Amino acid sequence: MSITINIQSGSRSGQSLKFQEGKILIGRSPTNTVCLAEPMVSGMHAEISYQDGRWLLRDLGSTNGTWLGVQRIQQHALQNGDTIDLGPGGPRLQFWIEAAAYQEPTTEVPHYQAPPPIQPMSPPPPIQPTSPPPPPSYASSSPAAPQSPYAPASQPQAPYTAAPQPQAPYGAAPQSQPAYAAPPGYYPPTAAQPKKSSRMVLFVVLALVGVFVVGGGIGAWFLFSRGSAAIGEVDKSAERFFSQLKQHNYSAIYDESSQPFRSKYPRESIVDLLKRTEEMGELKTYNRSGIKMEYENSILTARLSYQTEFDRGSGPFSLKFVDEKGEWKLIEFEFNIVPNRTEDARVTPPSNLPQQSSQDDAATAVDMVAEEFFNRLRSGNYDEIYDNLAGPFKRQYSREQILAELRESEKAGKLRNYQRINLKHESEGGYPIIRVTYQTQFEGGSGPFELKLIKMANSWEILGFDYKVR
């Protein structure tokens with residue numbers, strides 16, 4: 001059984017990798033089967049293995065976690081179409097499983113041998129014909145004929161008595177007789193008569209079919225009538241959701257969700273997931289494209305699909321509500337907002353990027369931000385590093401996650417020196433981006449240290465970092 005991994009985001013977005021049965025390691029280290037050099041991916045992040053006829057995904061103690069939707073998982077049996085995020089906002093992987101092709105069995109079937117021919121039996125001896133019985137004697141008024149002188153006097157002949165069965169007249173051909181005599185009191189069987197119970201069974205079956213048809217019609221009418229009345233109520237709940245999303249009131253969305261939703265997901269996970277929409281700017285429009293009403297465990301649910309448009313992106317947004325004590329409350333949501341593409345981005349740089357005359361000034365400003373970063377890293381002042389990070393970066397990852405990633409550098413000892421070796425200008429969502437790489441030297445190793453910076457409010461702020469110190 002093979003598995004295909006489609007990389008949907010990150011530096012290797014668009015790639016598709018296919019593997020056969022075995023073990024697949026995923027992480028930032030080049031020694032992994034699938035190497036993803038992203039800031040939120042740990043050195044050895046996750047493992048996929050084929051066990052007992054299924055593919056199992058297991059988190060290897062990663063810093064930022066492995067996420068299935070809004071749920072952080074440690075182990076998960078993969079299904080077709082599952083989408084996994086390696087850390088919030090990290091690379092997104094989609095999995096497709098292909099079953100092994102069927103092979104004809106190779107077991108040899110024993111050759112059939114016909115039994116020995118049956119020897120014909122010898123025919124039975126022919127039945128000897130018997131002489132017909134003498135004719136019956138009929139009473140007459142004439143005197144009896146004299147006895148023949150040749151008949152022995154010692155053996156008088158008794159008069160012939162007719163059998164109980166009627167006989168053919170004398171001289172007629174004998175009729176065939178049965179080969180056996182029926183015992184006294186025996187009566188031949190009569191043809192089987194239909195049982196009266198079969199009519200009862202047919203009646204019961206028809207009655208049950210009628211009950212199912214009538215009950216199904218009533219249920220369908222009830223679902224249609226109730227669902228039609230509920231659409232307006234569900235639309236009001238969806239309207240309130242998007243209104244709170246526009247106002248960034250994520251805690252209110254969580255507080256007004258259903259009890260199963262709050263029991264399944266912690267507040268911090270839902271708030272962090274909803275904050276990801278801010279990367280696309282403000283919500284401009286949302287139009288319902290579909291609705292589906294159905295019963296789940298005797299509870300009426302409604303799934304609504306919307307096409308949303310933000311300042312810097314657009315995409316589908318799905319909401320699922322459940323009828324909880326007469327109120328429609330959120331039980332599930334999902335969105336996939338894709339940034340808007342800039343025409344001719346590969347040929348002409350966006351107009352908001354610094355031109356060549358001002359790129360040197362941008363590089364100088366970036367070096368100053370990097371100098372403050374490395375000085376704080378050298379002194380172990382990680383809290384100040386976090387406080388000066390860009391807002392979108394801090395909304396994606398918690399303080400604990402970022403501080404834990406910075407402390408990983410302590411394994412290589414103190415930072416001695418650093419030198420810029422590369423600088424690249426980019427654009428994301430209409431914002432200028434600079435990726436700058438420094439060659440760093442620590443007490444116990446050396447390696448590249450990359451900083452990703454974004455220009456916000458006329459200042460450059462760190463949007464992400466990644467390092468490989470050996």
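**Salt bridges and strand pairing**

K411 and E408 form a salt bridge whose closest N and O atoms are 3.0 Å apart; the term covers a side-chain nitrogen of Lys or Arg within 4 Å of a carboxyl oxygen of Asp or Glu. Salt bridges with shared partners also join K424, E426, E428, R435, E450 and K452 into one network. Please keep in mind that this is a predicted model, where local features need pLDDT of at least 70, side-chain atom pairs count only at pLDDT 80 or more, and totals for chains, interfaces and linings use all residues. Residues are numbered from 1 along each chain as its sequence is written, and side-chain values use heavy atoms, leaving out hydrogens and water.

**Salt bridges**
- The structure holds 26 salt bridges.
- D383 and R399 meet through their side chains at 3.3 Å, N to O.
- D383 lies in helix α6 (residues 382–387) and R399 in helix α8 (residues 399–407), so this pair ties together parts 16 residues apart in sequence; helices are DSSP runs of H or I with at least four residues, strands are E runs of at least two, and both are numbered from the N terminus.

- Strand β3 (residues 23–27) pairs with strand β5 (residues 46–51) in the antiparallel sense over four bridges; pairing requires at least two bridges found by DSSP.
- K23 has S49 as its bridge partner in β5.
- The side chains of K23 and E47 also meet in a salt bridge (3.8 Å, N to O).
- β3 and strand β4 (residues 34–35) run parallel, joined by two bridges, and I26 has V34 as its bridge partner in β4.
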